Amino acid sequence: MENEVLSLATESLLTISNDCVLSISQTDVVKKVIAYTGLSMQGVNKALELLGAKNAHGIKALCDSEGIPEEKSQKLITLANAYGSLDKTQQALNLLLDIDGVAKDVESLTKIVKILTDKYGKDKIKIDFSVMQDMNYYNGIVFTGAVLGVPSAVLSGGQYDNLMSRLSKKAGA
């Protein structure tokens, strides 16, 4: 179902303009990398803010201030710096695979991005971990769509299975 929703989002963008990009993230990867670092709760909130701004230097300073080992802070910095086509981000994604549970999430992300890239081209589909919707609401894939000349996203969305379970529903969303 994710492929269909993301294809529809891309088709919608292309209806507006050929100068468009669908940026895709995976919230479970972000959550697991942040948990791996061992940041305090306050640090987690700050890290999410810094990641959303792609502020690798701020992430490094935050991790240093909390005494997070370099090997762990580097994983979070990798997320902040990972942007672009699947080809461009694959090496960065591979650096995250040793974190518990991340390999499965990266595999699902790369599979989806490959399908969309094959269909629409690598200039239209980007991996971008700064794309973060409400982490309490969304899980899995999240996305935003941008069109050249429009100052903010023209569409956004994602998977929200956690919301469905809170409503005592067993269906994915």
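Reader: How many helices and strands does the chain have?
Author: The chain has 8 helices and 5 strands. Helices (H or I, at least four residues) and strands (E, at least two) are DSSP runs, numbered from the N terminus. This is a predicted model: local features need pLDDT of at least 70, side-chain atom pairs count only at pLDDT 80 or more, and totals for chains, interfaces and linings use all residues. Residues are numbered from 1 along each chain as its sequence is written, and side-chain values use heavy atoms, with hydrogens and water left out.

Reader: What pattern does the chain follow along the sequence?
Author: Along the sequence the pattern is α-β-α-α-α-α-β-α-α-β-β-β-α.

Reader: How much of the chain is buried?
Author: Of the 173 residues, 46% are buried. Buried means under 20% relative accessible area, exposed means over 50%, and partly exposed is in between (1.4 Å probe, protein chains only).

Reader: Which residues in the largest nonpolar core touch the most other members?
Author: They are Leu 22, Ile 24, Leu 76, Leu 79 and Phe 129, in a core of 44 residues. A nonpolar core is a set of buried Ala, Val, Leu, Ile, Met, Phe, Trp, Tyr and Cys residues joined through side-chain atoms within 4.5 Å. Helix α7 (residues 102-120) gives the most to this core, with 7 residues.

Reader: OK, new topic. Where is Thr 10, and is Thr 10 buried or exposed?
Author: Thr 10 lies in helix α1 (residues 2-16). Thr 10 counts as buried because its relative accessible area is 1%.

Reader: What does the side chain of Thr 10 reach?
Author: It reaches the backbone oxygen of Leu 6, at 2.9 Å. Leaving aside neighbours within four places in sequence, Thr 10 is also in contact (heavy atoms within 4.5 Å) with Leu 22, Tyr 120 and Ile 125.

Reader: And Lys 54, what is its phi?
Author: Phi of Lys 54 is near 55°, a positive value in a residue other than glycine. Most residues other than glycine have a negative phi. Lys 54 sits in the loop between α3 (41-52) and α4 (56-65). Lys 54 counts as partly exposed because its relative accessibility is 37%.

Reader: Last one. Where is Val 154?
Author: Val 154 is in the loop between β4 (141-147) and β5 (155-158). With a relative accessibility of 34%, Val 154 counts as partly exposed.

Notes
Polar contact = N/O pair within 3.5 Å; in protein donor to acceptor, adjacent residues only side chain to side chain.
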